[in-house]
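Student: I am new to this structure and would like to learn what the terms used for it mean. Could we look at it together?

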Amino acid sequence: MPALTEVILELRKVHPPTAELLDHTLEHIPVHGRIEWAARCLEIANSGWHAFESANAFILSSPIILASYDFETLIARGDYGLQFCGYSFEPGFTYYCALGNLVVADVDGAKWNMLPEVEAAGRTILGKFQHASNLLTDFFEIAFAMLLRENESEIRAWCALAAKIAHRERQDLIVFLGSRHESICWQEMEKLERVSPNSFLFYLSVYEVLEAKFGLDLMADLQPLILGFADDEDALQEFLLLLPGIQTISRNESRSVFSLIPEIGHVDLVTSFVSHCHELPLGDLPVIQQWIAGGVQVASTNIDAGLAFFSLESSTSVELLESLRGQINFADCSRVMQLYTEAMTGKRLRVESTADSDVQYRDMPHTLGASICLPESVSWFASKDENFEFYKVALLHQLGFFEYQTFVEIEFIETTLTEFEDSVLAHGLFNILEAARIDWLLARHFRGIRDAFSAQKSFALDSRQPLPIMRKAQLLELMIRAGLDAGPLPVEVNDRYLADAVSLYAEVLSLDRAEAQLQDTLSVLQRCYVIVSEGDQSQWDGAKTELDDGLAQMLEEELPQPISFHGHMDTRQLAMDLALVDLEDTTEGVPDDSVSMSTALDPADLDIDEIQDGDVQDGLGMLATEIDHQLENVEKLKRENEDENRQLLPAQLSNQVREDQRFRYDEWDFVINDYRRRWCTLYEVRDCPEAPEYVDKTLAEHGDVASRVRKQLTRLKPEMLRKVKGVVDGDDLDLDRAVEAVIDRKTGLTPAENIYTQSLRKDRDVSALFLLDMSASTDDIIADGSEPPPFSVDDDDEDILSHYASRQQDESSRTRIIDIEKQAVILMAEALEQLGDNYSICGFSGYGRERVDYFLCKDFGEAYDHRARGKIGGIKPCRSTRMGPAIRHATRSLVKTESRIRALIIISDGYPQDHDYGQDRNSRDYGVKDTMKALAEARTQNVQTFCLTVDQSGHDYLREMCPDKQYLVIQEVSQLPDELSKVYQSLTG
């Protein structure tokens, strides 16, 4: 062994400052070991680039180590660190520095005793990744931090995991070393790794995100759940990826969710449950537990049905939850609500679900002109009776606006409110005050509902948020509470706003009297507006200066949250809606078919001597002129209304004249043997492309077929009008009897009263809907069987290319499947116009369950006019053939007609298919089964169905979809118009 001076001289050649540091430290090293220690320091310094830094760290930590441990331990640590210094100084430097820190912090030596565990793991990593200096450095930083922080069991578990991960890929070790979260329980992690190393590593990769989402306490609840799912690696990963994205629920609700997971068991079912947990009443644990038990039972026999159950997609799931919650659906009580409305108002008001109205107010009661919209379902209360009470009170509140003249004066109200400088505030104040007046009047005049109103007001009060901070918002909230009979002012009212609050309270309560009128509301509104908008500005400024600019911007004043049973009222929209209703009423009052002679001639004033030839025709002309004048007034009113509408934003247009409307429909899934609830979104499109010239062209080219179809349907044609003479009351005068009555009167006899005629319609109560498939495949050209083969085997390539080029040029003039469909319904429409049956023509297409388009070319009751013809002519191929939703929507339209005979005729060119029609895109079964179910649903609602297809393989699936004799496969597409008329005769004759 060289002498100490030689070692120091050699070290000085490597790095003089290091030699100086060693020389100064020698006095702390035992004499017998100085040469060995110095030689080790030189060896470290010579081990690689910048290795002197590692030597410096070892030199500095040596006295600290020797203060607690013997010289042999020091040399052993030096030798251990030396093996890491060959490629980079950083691992050794980190290790030697950490040794000194550990000794200082480890008073009783317990942590030092765990050092062999760390060193063993480090040695394993070095063996696999010799050149990975950064990995080794990270390892020692984390390992010594663990030594200082964790207990013996946690350290041992972490080191064991590090050693195992070292045998895997580099990226796996990076993920492991990147997990430095103090909250991780490494003993649990070691258990997870034993079950599935991949699940363990994936959990580590998302741990930080999950901890940020749920917090430390909930992560402890989550860990054993993950261990239970570790066997199914793919499913567990899907579950873990889902967790950070679940919609916001409270910590307590999250704890409830985690506590319920073991009751479900299967990880796929758990994933479905967690992804929809925000839609569940998590605060009602007994209800959820019973619902979960039902889902587990369903899944025990059909896992797909279980997945749909816990995703709230199956009818079984939704209906069970509704039953347990006491939920009541609008459909269950719509008839009662409709009768109640008619009895109370005597108006033509419809009561319908908010699901079909403006999505902005989907869950809020509101009125749209001729209709009152109530929530699709109510489950806020524990029992069905209580939830029904909500429906009743919400309906009464809306009816109160009709009963107490609010809607009668809606245009005046809207004009008044827009004159305020802050019209938004004025509208908000009016809604608060008028709602309070309506509630108080209803409770006074209808004593039977006082208790129900009181209960709803109490519930609404309990549901209110704490008083806002800002002045205007706090005052508006106090006004709402006054209208809800809240009693004295809350103690938390800001002292600076107290005087204004007292004044506003008194103003609101002044409307609580039996004689309160609309004008009283507007008068109170004026005074409240002054108080709210012109309050002490210095108080506002003082409050604002307490906040920085960013926070002040976040706390901008908003109108208070609506009251659940009050819903929403938009006076601007209502003024427009009600004006449209009045316009419809005005139009309906104008005669449209014939002119009644009885309106022109009074037999008491008729002098037979004065009747000249042509007088009767002159009278008819006079009446026609008067009617023309009335129609001109109606058209003028329409134009004025349209001019007003053009000045409004498109979003403010009435819901009743909206072109597109959205509907949700269930879909039958034969795999789960249940309906998927509200699975498909159908858009009823009225703004269809128009091509009116197509109809004229069809009638010109197919006049012979049109005649044949009309002749076939003539057999069904009733005597539309049969004139019966000599009745006491009728449409026109019976001229002969009227003359006889005048003569009898002049001769002193008592004239007869049966001097009128009446036109009687023979009963033919039919509504038919023609539903056309507009899928992309209907764009196919119909082959002409009379044409010779385009080419033979002897033709050369130039002949074949020439054939296809000429075919492409000629293709625009060839007939497509969609053309035959359109021509068939055009010819039917022309015939039905003469027959007088009520009919509708629609088309359908779409792409996926979220977009099924239903094109309404001609609705029931609409005229077969220029626009309707244009829409039919404009039908063109679109996308896929998702039949189920279209059939259900067509059935719904037919049922609304209330006709005695309802016929649905579907014209298609192939089997039902869509890209997501079932899980297996290549399978026909899902679409066929759903269509079969939709047709069966139609029959249960007394709708006769018939399917026509030009698909020659149609027998294969139509036999399954349709009952016998309710489908037809057409061999020649050109036969479609004739066959369609025959089908119509069989359904409606």
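Tutor: Gladly! A salt bridge is a side-chain nitrogen of Lys or Arg within 4 Å of a carboxyl oxygen of Asp or Glu. This is a predicted model, where local features need pLDDT of at least 70 and side-chain atom pairs count only at pLDDT 80 or more, while totals for chains, interfaces and linings use all residues. Residues are numbered from 1 along each chain as its sequence is written, and side-chain values use heavy atoms, leaving out hydrogens and water.

Student: What makes glutamate 667 and arginine 882 a salt bridge?

Tutor: Their closest N and O atoms are 3.0 Å apart, and the limit is 4 Å. Glutamate 667 sits in strand β6 and arginine 882 in the loop between α36 and α37, 215 residues apart; helices (H or I, at least four residues) and strands (E, at least two) are DSSP runs, numbered from the N terminus.

Student: Why is aspartate 930 called buried?

Tutor: Buried means under 20% relative accessible area, exposed over 50%, and partly exposed in between (1.4 Å probe, protein chains only). Aspartate 930 has 0%, so it counts as buried. Its salt-bridge partner is arginine 888, with closest N and O atoms 2.9 Å apart.

Student: What is arginine 194 called, buried or exposed?

Tutor: Arginine 194 has 56% relative accessibility, so it counts as exposed. Glutamate 190, at 15%, is buried. These two form a salt bridge as well, at 3.5 Å.

Student: Why is asparagine 494 called partly exposed?

Tutor: Its relative accessible area is 22%, so asparagine 494 is partly exposed.
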